[in-house]
Amino acid sequence: TIIPRNATRYERWKDKCIKVDCVISESTYAGKGHLKQDNFDVLEEAILNTCLRNNKILFIPTFAIHRQTEVLYMLKTVFDRNPILSKSKIPIYSAGVMSAKSHRILGNPKYKCFYDEEWQNLDSVFTWDRVEYIERFKDVAEKLTDNKVKIVLSSSGMCVGGYASYLSSCYVQRENVNFLFTGYQAIGSVGDKIMNQEHKTVTIQGKSYPIKAQSLGKLDLSGHAGNDELIGLIKSLNQHVLKKVI
């Protein structure tokens, strides 16, 4: 079957998936589902509460490839729909070499045929002048470590590498910073310890820091299917033909 590149995700695969005798499925979430929350509402409230009501810094660790663009799309949507945020002067910084390069590639028109995401048709996501991309460590240290109100995105998403590791060491010991994570945090990782707020200290690159910053939890942006989605996929297949699920 020839699937047109500009077809939606469902249209691309529905003819291939209707009749299969064996399905090999991932099981990252196994019997668990995703959080029952509106991620846009969670992000909007995080910005309002952190930046406007309490004059704090909102730090959003993001995975460099794809996730950063997804979060920027969400930020653009939230700022556009909320007149208070739209009129505000809150700056947004995206720190990271890999994330900046990935974002530019995703925004290149010649690559749009490979993606289904809704932000692919929104050029403003890639030209939004509220966002400043920072790729040099010197600029990260000079522009992002003061106490001015701002929103900062940086990889890695678990704060174990990239500029997020350095920024976490600067931010975690401050009461004027809120962390908002964007996906799964491996048990014992820097992000896990900060997000769960069960520890008084966290070790970052061999040095211990007191945890004084607040965690706002996470946006549930995993690219993996949850239990309901996996079961839904299996049920959508032709049950008379399907013989095995691995």
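Which residues does Ile47 touch, not counting residues up to four places away in sequence? Select Ile47 and show its surroundings: you'll find Leu52, Leu58, Leu75, Val78, Phe79, Leu85, Ile90 and Ile151. Keep in mind along the way that this is a predicted model.

Now widen the selection. Ile47 belongs to the largest nonpolar core, which has 27 residues. Leu43, Ile47, Leu75, Phe79 and Ile151 are the ones with the most contacts inside this core. To see where the core comes from, colour helix H2 (39–53), strand E2 (57–61), helix H3 (67–81), helix H6 (124–127) and strand E5 (151–154); each of them supplies at least two residues. H3 gives the largest share, with seven residues.

Next, hide that and pick Ile134, Tyr163, Val190 and Ala213. They are among the 26 residues of a second, separate core.

Time for the rings. Aromatic pairs come to seven in the count. Start with Phe40 and Tyr73: the ring centres are 6.1 Å apart and the planes sit at 85 degrees, so this pair is edge-to-face. Phe40 is in helix H2 and Tyr73 in helix H3, so the pair links distant parts of the chain, 33 residues apart.

Jump to Phe137 and Tyr166 for another edge-to-face pair, so called because the planes are at 65 degrees, with the centres 4.8 Å apart. This pair also links distant parts of the chain: Phe137 is in helix H7 (residues 137–143) and Tyr166 in helix H8 (residues 162–171), 29 residues apart. With the surface still on, Phe137 shows up as partly exposed at 43% relative accessibility. Tyr166 is partly exposed too, at 26%.

One more aromatic stop: select Phe59, Tyr171, Phe179 and Phe181 together, and you have one aromatic cluster.

Finally, colour by pLDDT. The chain has a mean of 88, and 88% of its residues reach 70 or more. Then select residues 1–11, where the pLDDT is below 50. In the model, this stretch has 12 contacts beyond near neighbours in sequence.

Terms used: Residues are numbered from 1 along each chain as its sequence is written. This is a predicted model: local features need pLDDT of at least 70, side-chain atom pairs count only at pLDDT 80 or more; totals for chains, interfaces and linings use all residues. Side-chain values use heavy atoms; hydrogens and water are left out. A nonpolar core is a set of buried Ala, Val, Leu, Ile, Met, Phe, Trp, Tyr and Cys residues joined through side-chain atoms within 4.5 Å. Buried means under 20% relative accessible area, exposed over 50%, partly exposed in between (1.4 Å probe, protein chains only). Helices (H or I, at least four residues) and strands (E, at least two) are DSSP runs, numbered from the N terminus. Contact means heavy atoms within 4.5 Å. Rings of Phe, Tyr and Trp (its six-membered ring) pair if their centres lie within 6.5 Å; planes under 30 degrees apart count as stacked, over 60 as edge-to-face and the rest as tilted. pLDDT is the predictor's confidence in each residue, from 0 to 100.
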